[in-house]
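This report covers ring pairs and strand pairing. Please keep the sequence and the model side by side while reading.

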Amino acid sequence: MKKFLTLFAVFLCLSLGIASCNVTSVVSNNSDIIVASKGFTEQDILAELLAQQIEATSDLTVDRRRLQGTKLCHEALVAGNIDSYIEYTGTALTAVLKESVIDDPRKVYNLVKQAYEKQFNLEVAAPLGFENTYAVIVRGEDAKKYNIDTISDAAKYAPEWDIGIGYEFAEREDGLPGLIKTYDLRFEGRPKSMDLGLIYRALTQGLVDVVVNNSTDGQIARLGLVILEDDKSYFPPYEAAPIVREETLKKYPQLQKPLSQLAGILTADQMQELNYQVEGELRDIPEVVKEFRQSRGL
């Protein structure tokens with residue numbers, strides 16, 4: 001009963017948060033460029049990185065916009081309500097293009113780049129240098145107790161476990177239904193969908209036993225959590241890459257310089273550290289990004 005009441009309280013807070021947090025307006029305020037994020041910490045950091053680099057290398061003014069999820073960002077980009085956002089190639093492949101999973105990063109990138117240009121008049125710029133894949137995560141003590149290293153190892157314990165997931169993952173082509181089918185996962189109860197900002201709290205407080213979240217999250221190492229190996233290669237490669245409207249690039253060709261400067265700029269470990277500085281140390285995103293750019297000579 002106590003577990004139920006605690007979980008109910010978490011979801012109540014979430015519901016109130018959603019009710020008071022509608023999608024941000026995309027009015028430009030007369031800025032030249034609008035850069036958006038998909039509404040979570042890493043995306044906010046990457047949007048700020050792109051925005052700062054544009055401002056540092058040109059006389060263009062940049063507006064930051066915080067949307068919610070892949071669908072809204074993609075639709076806003078195609079409609080011309082924003083000019084750019086950072087997407088993950090595996091997400092573009094499966095969630096936008098509805099293509100089957102491909103495990104070769106270069107093939108995924110090339111397919112996405114060609115399809116986005118042909119179907120949407122969008123330019124997929126060079127990747128930033130890291131992948132943020134989906135990760136199946138358990139508490140460190142459980143990984144040790146049950147001697148589990150892979151998702152296949154965990155499948156035998158799934159009937160006794162509850163799983164927590166983000167809202168988008170529940171419905172994606174590369175999301176929960178396919179994961180369950182690939183690994184024959186049979187969980188104790190229905191999957192518990194929740195805001196990604198609450199997912200680790202639910203895991204560490206024992207409200208769920210396993211979660212699916214982003215592999216570059218800064219809290220994974222700090223909380224002593226363990227990422228299970230995707231031993232059946234269910235998830236596609238997820239290279240982070242800027243997506244820009246071709247019309248915007250034609251209007252502002254000076255955008256090519258900051259885009260090229262950001263190619264290969266980040267490793268997964270560096271991205272995880274930036275996420276931790278914001279979420280764990282509660283630092284301001286613009287300050288964290290400025291410090292990182294200076295460390296890389298940008």
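Two strands pair if DSSP finds at least two bridges between them. Strands (E, at least two residues) and helices (H or I, at least four) are DSSP runs, numbered from the N terminus. The model is predicted, so local features need pLDDT of at least 70, side-chain atom pairs count only at pLDDT 80 or more, and totals for chains, interfaces and linings use all residues. Residues are numbered from 1 along each chain as its sequence is written, and side-chain values use heavy atoms, without hydrogens or water.

**Strands.** β6 and β8 run parallel and are joined by two bridges. Ile-163 stands opposite Val-210 in β8. β5 and β8 run antiparallel, with five bridges. Here Val-138 has Val-210 as its bridge partner. In β8 (residues 210-214), five of five residues are buried. Buried means under 20% relative accessible area, exposed over 50%, and partly exposed in between (1.4 Å probe, protein chains only).

**Rings.** Rings of Phe, Tyr and Trp (its six-membered ring) pair if their centres lie within 6.5 Å; planes under 30 degrees apart count as stacked, over 60 as edge-to-face and the rest as tilted. The structure holds nine aromatic pairs, including these:

| Pair | Centre to centre | Plane angle | Class |
|---|---|---|---|
| Tyr-134 and Tyr-238 | 5.8 Å | 90° | edge-to-face |
| Tyr-146 and Tyr-157 | 4.5 Å | 40° | tilted |

Tyr-134 lies in strand β5 and Tyr-238 in the loop between β9 and β10, so their pair ties together parts 104 residues apart in sequence. Both Tyr-134 and Tyr-238 are buried.

Tyr-146 is partly exposed at 22% relative accessibility. Tyr-157 is buried at 19%.
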